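Here are a few exercises to work through with the model open in your viewer. Try each task before you read its solution.

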2 protein chains.
Amino acid sequence: MTDQTPAPEDQADGDKLLPPRELLDGIDAAIDTGDTAQLNTLLEPMHGADIADIIERLDPARRRAFLSLYSGEIDGEILSEIDEAIRDEVIGQLPAEVIAEAVREMDSDDVVDLVEDMAEPEREEILAALDATDRAAVQQSLAYPEYSAGRLMQSEVVTAPEHWTVGEAVAFLQSEDWLPEQFYHIVLVDPRRHPLGYVTLGRLLASAHDVLLRDITEDSFRTISAFAEEGDVAYVFNQYHLISAPVVDRDDRLVGIITIDDAMVVLDQEHEEDILLLAGVGEESSLTDSVMQTARQRVPWLATNILTAVAAASVIGLFESSIAQLVALAVLMPIVASMGGNAGTQTLAVAVRGLATKGLTKDNYLRVIRREAVVGLLNGAIFGLAIGSVTYMWFGSFGLGAVIGLAMIINLTIAALAGILVPLTLEKLGADPALASPTFVTTVTDVVGFFAFLGLATVMLL
Amino acid sequence: MTDQTPAPEDQADGDKLLPPRELLDGIDAAIDTGDTAQLNTLLEPMHGADIADIIERLDPARRRAFLSLYSGEIDGEILSEIDEAIRDEVIGQLPAEVIAEAVREMDSDDVVDLVEDMAEPEREEILAALDATDRAAVQQSLAYPEYSAGRLMQSEVVTAPEHWTVGEAVAFLQSEDWLPEQFYHIVLVDPRRHPLGYVTLGRLLASAHDVLLRDITEDSFRTISAFAEEGDVAYVFNQYHLISAPVVDRDDRLVGIITIDDAMVVLDQEHEEDILLLAGVGEESSLTDSVMQTARQRVPWLATNILTAVAAASVIGLFESSIAQLVALAVLMPIVASMGGNAGTQTLAVAVRGLATKGLTKDNYLRVIRREAVVGLLNGAIFGLAIGSVTYMWFGSFGLGAVIGLAMIINLTIAALAGILVPLTLEKLGADPALASPTFVTTVTDVVGFFAFLGLATVMLL
């Protein structure tokens, strides 16, 4: 038992969450002087997840030096926490026996996570370190599709027949020597391994020895298909406050179990994807990526955006002669476009979030679309009036004020519709609704904004 | 035990996650005909969280009808899952005895969540339903700041002295009749209730009766300060894969426990906030809000945006005579601004995410800022060359192509800097870094984009 007395850095208390500056400086110094003993002393009390973070944050040269000094201490916990972006690099620098040892310590789900993106030969090399049972478990998981519950589950499950008593179950647990590191439930199965319910360990401990397990199962019991998408798995854990859930194959037979900590990691990754996709950044991007990797990831959406920006510009091109007659149009037109982009993005965020949390469904599509359109109209009227008045004062033209006000109403209404219809359409097409939707929405609001404002001005003023 | 056999809708398998259309239609029909018996039959097999979702999705008139038909069945599980946006409305429509009964079933953390936003008289009314111990627990939690670990914890903790044996602990659990609904660990405490470590129930069950609890505690043990921010609590659970963690007061005495399912809910809410704040939507917004509520929530950032848009427009106003001489400038200028906005938003998303996951810290600020600036310069060069060539072909002017290319390089570099410096500044000021940062970033990229392009054109071409 280490860390028995809660040290200050163990408390979740604001700044104390991150390793203190002095510690990091000490680690840097130990790396630079090649002082393995000092490095071991500094890192000994730290959690593997924090050591992994430190490795991620080192610059590549120091990281190499660190790995050669510290390789003997890299264990399964550290390895499974290292960010995918640098994992290949780290593995490439570690001696084969260190990796083999680390992999043997891991639960099957962590091994799957480690090897699933590897090429066949590297993967085989790592799996060779496992004993036959563990290797079979990993290979079974890998047979399920990427991002499925089958990839997320661990195969180590504690099961019992439902006709057992509490006493029999307790005796069984005491005699077993292969129990998983962490488990919270016993899954009851029939002779063909169909899960029937589960008993929490707390309930088991609190019950008398002659009570039947089938009489103390939890009220609510859910199995997860091994083919279910991992995002749906995270949703189910969050929705029903599950701690662990049995995973079944197509014949409803138990093949593994997923625990909530893995579901929480998935939830976190899905949100990361949403934020990065919404901004048109590759979902794989990481703070440790190099300049070239980063620049390359950003190109696709910048390229899309330049095309849509040229399209919007060519709308303006249609009205060159109007602008030549009234330069104020060029001054004012970005205001209409910008407000449309802003309003559209607001609706978009609500829609993307609603789809992610399954709050926006077929039942309420129409109601939400209607609400957003009315909100767009209403805010269009408010800000149309505001900008119309400003324009009147600025340029002294009532007509110009009326035109910009009307264009604002049109653009904010269209913006609201685009903000919800773009993600719904992406979802219908089977794409992620967050997939750089702002680019599509602002294309609509730029084109409509310029067209409405310049078109109305041409018709009404010139 | 209900739901013993996994029914199809219990499986996390794509479309099966949501209640089927026919069921919802059946519920609508039962509400419209006032058929309580039918409503009970339809909802009986459903989880409280799903019933809460159905209540949220009903339109207000049907919701009132539903609540009066179904009020007898509203229990603690349903009530604690109902979205805050409509919770007051729902509580207002339920008979006092239904609420009292529901509240008595809840864990103390769910009661805290229910009453914390209520006015004093309503809160007192609800707390009056609790017995003295539970009420004291809720009041203890409410004494901690909003969004703190103290508000999130439940006070029901299973503890044991560290000198106990496994046999003594098991005997204690069997004799207790107040054990919490869900618990996964026994927290070891000294005589002054300082937590010393914890034992998982799995480990307890697998150990011999004469083993001391202190010899089977978990390696890694973390306490959480009751004053820690809930976002930090979620971070700690996610980082260290905790299942539950003891909460301590300023004197390091045990006051409660937080379980991972509550931390997962916080993580989910924090992400929702990030997405909504980034889009300039009030963080409290919900799909169930009315048109007026929604319109009002969106006004503040639209108002901010109109001011910044007018500022950008007045930059254009400085160059009216240049535009009058060369209308092509008006056509092209939004392209420079739009690309800047896009590139800035990309950097922003990475920065906001990095701050949220504590991947972006003082240690690597400078490295990330440098990386982003170089990426901005590089992509500025690529897209500057592209748009310069397009402009040359479109308008047949080499000079105009050179000007827009240069302006693009300048704006994409500034965009990258704004994308990271705006959220860092908000964080430094103690604000949420996601707080509508896109509005600030696009203000910078609009102003710089227009100024660089029109300014260069004026100097170089006219």
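A salt bridge here is a side-chain nitrogen of Lys or Arg within 4 Å of a carboxyl oxygen of Asp or Glu. We're working on a predicted model, where local features need pLDDT of at least 70, side-chain atom pairs count only at pLDDT 80 or more, and totals for chains, interfaces and linings use all residues. Residues are numbered from 1 along each chain as its sequence is written, chains are lettered from A and ligands numbered from 1 in the order in which they are written, and side-chain values use heavy atoms, with hydrogens and water left out.

**Exercise 1.** Find out how B:R104 and B:E101 sit relative to each other in helix α7 of chain B.

*Solution.* Start with the distance: the closest N and O atoms of B:R104 and B:E101 are 3.4 Å apart, so the pair passes as a salt bridge. Next, look at the helix (a DSSP run of H or I, at least four residues, numbered from the N terminus). The two residues are three apart in helix α7 (residues 96–105) of chain B, which means about one helical turn separates them. Finally, check accessibility: B:R104 is partly exposed at 45% relative accessible area, and B:E101 is partly exposed at 41%. (Partly exposed lies between buried, under 20%, and exposed, over 50%, with a 1.4 Å probe and protein chains only.)

**Exercise 2.** Describe the interface between chain B and chain A.

*Solution.* Begin with contacts (heavy atoms within 4.5 Å): each side, chain B and chain A, contributes 144 residues. Then take buried area, the accessible area (1.4 Å probe) that two parts lose on being put together, summed over both. The two chains bury about 12,900 Å², 62% of it on carbon and sulfur atoms. On chain B's side, B:L205, B:M264 and B:L287 lose the most area to chain A, together 7% of what that side buries. Last, count the charged pairs: six salt bridges run between the chains. One of them joins A:E272 to B:R353, with the closest N and O atoms 2.5 Å apart.
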